[in-house]
Amino acid sequence: MQPLYNAAMRIAKAVFRLAWKACPEWMLSHDSKTYQFFAGQQDCLKAIHEALAGNTKEVYWVHAVSLGEYGVARPILKRLQAENRCVVLTFFSPTGYLALHGKRNTGADHIFYLPWDTAKNVRDFLDTVNPRCAVFIISEYWLNYLSELRRRQIPTFMVSALVPGNTYLKRWYMRPMRHALKAVTTFMVLNEESQQTLASMGFQNSTVMGDPLFDNALSIAQTPYENPIIEKFCQSANGVFIAGSISDKNDLELVSQLANSQKDTKFIFVPHEISEHTLLAYKASLHGRSVNYSECTPDTDFSQTQVLIINYVGDLARIYRYGRWAYVGGGFTPLLHSVVEPMVYGLPVAFGPRIERKVTPLQMVNLGIGCVVETSQALQEWFLQLKDNRALQESISRKAIDYAQSHAGATEAIVNTITQQEKR
């Protein structure tokens, strides 16, 4: 099966290259994320060669598919970087790369796009980066990267991994991937189910650890942050509802109908991805006046504005501090976004129904600090129950903060596991 995988990768790479040459303007005007992905893959190996030329420090390579996974990686990156290592962070999705590239205090010395998973790209990448170890965040399975890491005997770690009992990794055609996963030195998993599933596939090298996403979110919440525009918008509000990481039409329908039915409440909408089409769809779905963040200044009169739409990426975890209630998007797919980020501020959190394989959202529901909603009516009922009940809201807030703080500290254990391997 590996030859078929390699052939598929080569074909995909060739098709993308041809498409890039044929119609970059068309892609830019219709889907900026696609355009940026195409652009990022052009000569990315050359950029890596140039950036790492002359590096003399030991390199620790951390890979996160996108910005959400970076929330897990960030505290680990900062700990590794603090010990005078060269930390290389890669993304496959442009969402993470574009939000962080060129910024300070990311925890990484270098941020790159991950080159396509072809055998030649992988060899060139590892020859250049020469990592002391590799760390993959959550469930990132790249056949050639893992196979080559194993061949070179480079310590490799999976962090915050979730491997459900019915994982596709058990299927017959995933045998090459299971073989490649023998590269992994330690699977650091989020629950016992994942540990048991890995054991059933012959992997006895897993350990249940906490989620560094809590450390990251708590660190952000404790770091001072000011945004004069958002503060001005919230100034006259009796509580602000934040709809974060709105990802699809299901999310938009729920939160826009809530905003339309609650004209006396102010809302902050934060799309997961920014495009002209997305922003127009948001405004079309709202009855009250809405405005894009980029159109505002600290002197803007928000007295007649109900919804502020944040049309830039990267600050959602900080913006939650301005809210009293939150909805987190992505829950109508298997990719629910971070419910920890609003929880650390004590916000009650609603989200879509696809949490059967999630650890934290299930626990939040059981504790009464999170709520699954499948319809706009369910979201409205949840909100109205909280809106004027300050005692209930304060009780939930205390439980949420206590829960978040009780789950802090995973970063220390994870970094110790990684660096202890270095000493062997």
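**A loop, a sheet and salt bridges**

Asp 43 is exposed, with a relative accessible area of 58%. That value is over the 50% that marks an exposed residue. The model is a predicted one. Asp 43 sits in the loop that runs between helix 3 (32-41) and helix 4 (44-52). Along the sequence, Asp 43 and Asp 388 are 345 residues apart. In space, their C-alpha atoms are 56 Å apart.

Look inside the order at strand 9 (residues 266-271) and strand 11 (residues 307-309). These two run parallel and are joined by 3 bridges. Phe 267 stands opposite Val 307 of strand 11.

Next come the charges. The structure holds 11 salt bridges. Start with Lys 120 and Asp 124, whose closest N and O atoms are 2.8 Å apart. Both belong to helix 7 (residues 119-129), and because they are 4 residues apart there, about one helical turn separates them. Lys 120 is exposed, at 53% relative accessible area. Asp 124 has 23% relative accessibility, so it counts as partly exposed.

Another salt bridge joins Arg 152 to Asp 127, with the closest N and O atoms 2.9 Å apart. Arg 152 lies in the loop between helix 8 (143-151) and strand 5 (156-161), while Asp 127 lies in helix 7, so the pair ties together parts that are 25 residues apart in sequence. Arg 152 is partly exposed, with a relative accessible area of 26%.

A further pair is Lys 387 and Asp 264, whose side chains meet in a salt bridge at 2.8 Å, N to O. This pair links distant parts of the chain, 123 residues apart. Lys 387 is in helix 18 (residues 376-387), and Asp 264 is in the loop between helix 13 (249-261) and strand 9. Asp 264 has 60%, so it counts as exposed.

Finally, salt bridges can also join into a group here. Arg 79, Glu 83, Arg 85 and Glu 412 are linked in a network of them.

How values were computed
Residues are numbered from 1 along each chain as its sequence is written. This is a predicted model: local features need pLDDT of at least 70, side-chain atom pairs count only at pLDDT 80 or more; totals for chains, interfaces and linings use all residues. Side-chain values use heavy atoms; hydrogens and water are left out. Buried means under 20% relative accessible area, exposed over 50%, partly exposed in between (1.4 Å probe, protein chains only). Two strands pair if DSSP finds at least two bridges between them. A salt bridge is a side-chain nitrogen of Lys or Arg within 4 Å of a carboxyl oxygen of Asp or Glu.
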